[in-house]
Structure formats: structure tokens, C-alpha cells
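Good morning, and thank you for coming. Please look at the structure on the screen while I speak.

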Amino acid sequence: MFLLFESICVIDGEIQSPLWYEQRYKSAFHKSYNEFPKNSLLEGVLIPEKLKKGKVKLRISYNQFEKKIEGSKYTSKEIKTLQIIESNSINYSLKYKDRKNLDQLFLKRNSCDDIIILKNGLVTDSSYGNLVFFKNEIGYTPEVPLSKGTRRAKLLHEKKIISKKVSVTEIKEYEFCQVINALLDLNESDKIPVDKICF
């Protein structure tokens with residue numbers, strides 16, 4: 001059984017930003033198994049010829065002793081509206097294969113495309129990725145996300161976004177928000193006006 005996984009972005013056969021996947025893999029492995037992995041996450045990974053064109057999602061599931069690698073063409077999900085859902089007990093600090101709790105929250109989205117998950121009154125993530133809220137052309141990502149995504153980490157490192165606590169009462173102070181994940185950068189993500197967020 002595989003407890004954890006990583007979603008890897010591959011474009012035209014090239015793994016994008018491998019450093020950020022390796023960092024999270026080592027951290028998650030250590031937290032889960034109280035030791036660091038003996039090999040890198042991407043060691044021995046070969047991209048099949050049929051997946052060497054365009055954007056591909058490489059999914060690496062793993063446990064303490066073995067890995068399973070699957071790949072498929074990536075198509076982003078259109079997100080135009082968001083429903084706010086509160087859950088003070090949800091925990092998704094690591095990339096668990098078991099997403100049952102997230103899936104149950106997603107079912108409460110009503111007619112919206114995705115959800116914004118609140119925890120203790122603070123904005124965390126959507127079910128699809130991390131969030132970035134924009135005001136005066138500056139992007140702010142919630143300081144305490146459910147999952148510290150690799151794209152989010154890279155954008156913070158590059159100082160393209162700023163980490164900040166975002167409370168539910170502050171959402172309307174922003175102009176729009178975007179969902180990002182390992183395969184979805186800011187220049188590819190839908191801009192969702194805050195009036196399309198359902199409270």
C-alpha cells in the first residue's frame with residue numbers, strides 16, 4: 001500500500017523544477033517514517049516516448065520501501081466559481097493518497113466548480129491546489145495552507161507572491177484569486193473575481 005504521492009510536471013519530456021519535489025519528498029518521508037530516504041524521488045524515472053510531447057502529469061506513489069510511477073496527459077480543470085466550506089479538523093499536511101476528507105468537502109460545493117477550505121476562520125487551500133489572492137497586482141498566498149505545494153514554495157522563493165494570513169472576512173478586500181498546483185502556474189490559472197466566491 002502506498003501512503004503518499006507526488007504529482008510531477010513534465011513538459012516535452014523534461015521534469016520541471018525537480019528540486020522542489022525532492023525537498024518535499026525528503027521532508028514527507030522523514031515525517032512519515034522517521035528517517036530520510038536512501039534514494040531520490042526521481043532516481044530511475046524514465047519518461048515513456050508517448051508522454052514526451054506536451055504537458056504530462058507524472059504521479060509517483062510511494063511508501064517506505066517502493067515507488068509506483070504512472071503518467072498521463074494533463075488537462076487543467078476550469079475553475080470559475082468557488083464555494084467557501086469550513087472544516088476545523090481537516091489535516092492534509094502531507095500528500096496523502098487517501099483524499100477522502102477533501103473529497104467529502106468538495107461534494108459540498110453546491111453549483112460551484114471548487115471550494116475554499118476555511119480552518120479556524122482562516123483561508124487555507126482549494127481542493128485542487130493552493131490559492132493566491134491579488135490586490136493592486138500583488139499576489140498573497142495563505143500563510144497556513146493545508147498543503148505546502150511545490151509551486152507555492154517556488155513562487156515564494158522567487159518572491160513572486162507573498163505569504164500572509166487571509167481571514168474569511170478579508171476575502172472581499174481582494175480583486176481576484178487563482179488556484180495553483182504543481183502543474184498549474186499563475187499564467188495558466190483562471191482569474192476568479194472575488195464576487196464569484198460564494199459565502
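**Strands, cores and a helix crossing**

I begin with a pair of strands in this predicted model. Strand β6, residues 114–119, pairs with β7 in the antiparallel sense, over two bridges. Within this pairing, Lys 119 has Leu 122 of β7 as its bridge partner.

On to the next pairing. Strands β5 and β6 run in the parallel sense and are joined over five bridges. Here Ile 85 stands opposite Ile 117 of β6. Strand β5 covers residues 82–86 and is mostly covered, with four of its five residues buried.

How many strands form the open sheet, and in what order? There are four, in the order β7-β6-β5-β13, and the pairing is mixed. Why is one side of β7 and of β13 left without a neighbour in the sheet? Both β7 (122–123) and β13 (197–198) stand at the edges with a single partner strand each, so one side of each has no neighbour there.

As a general background, nonpolar side chains in soluble globular proteins tend to be buried together. In this model, the largest nonpolar core has 23 residues, and Ile 8, Leu 41 and Tyr 62 are those with the most contacts inside it. The elements giving two or more residues to this core are β1 (4–11), α1 and β3 (55–62). Helix α1 supplies the largest share, five residues. A second, separate core has 17 residues, including Ile 79, Ile 116, Cys 177 and Val 179.

Please find Tyr 62 on the screen. Leaving aside residues up to four places away in sequence, Tyr 62 touches a number of residues, among them Phe 2, Phe 5, Tyr 25, Phe 29, Tyr 33 and Leu 41. Its partners also include Glu 6 and Lys 67.

Finally, I come to two helices. At what angle do α1 and α3 pack? Helix α1, residues 18–33, and helix α3, residues 150–157, pack at an angle of about 115°, and their axes are 9 Å apart. Their crossing is right-handed. From α1, the contact is made by Trp 20, Tyr 21 and Arg 24; from α3, the residues are Thr 150, Ala 153, Lys 154 and His 157. Sorted by class, this contact has three nonpolar, two polar and two charged residues.

Thank you for your attention.

Definitions and conventions:
Residues are numbered from 1 along each chain as its sequence is written. This is a predicted model: local features need pLDDT of at least 70, side-chain atom pairs count only at pLDDT 80 or more; totals for chains, interfaces and linings use all residues. Side-chain values use heavy atoms; hydrogens and water are left out. Axes are lines fitted to C-alpha atoms, for helices over the stretch in contact, and angles run from 0 to 180 degrees between N-to-C directions. A crossing is left-handed if the near helix is turned anticlockwise from the far one by less than a right angle, and right-handed if clockwise. Contact means heavy atoms within 4.5 Å. Ala, Val, Leu, Ile, Met, Phe, Trp, Tyr, Cys and Pro count as nonpolar, Asp, Glu, Lys and Arg as charged, and the others, Gly among them, as polar. A nonpolar core is a set of buried Ala, Val, Leu, Ile, Met, Phe, Trp, Tyr and Cys residues joined through side-chain atoms within 4.5 Å. Buried means under 20% relative accessible area, exposed over 50%, partly exposed in between (1.4 Å probe, protein chains only). Two strands pair if DSSP finds at least two bridges between them.
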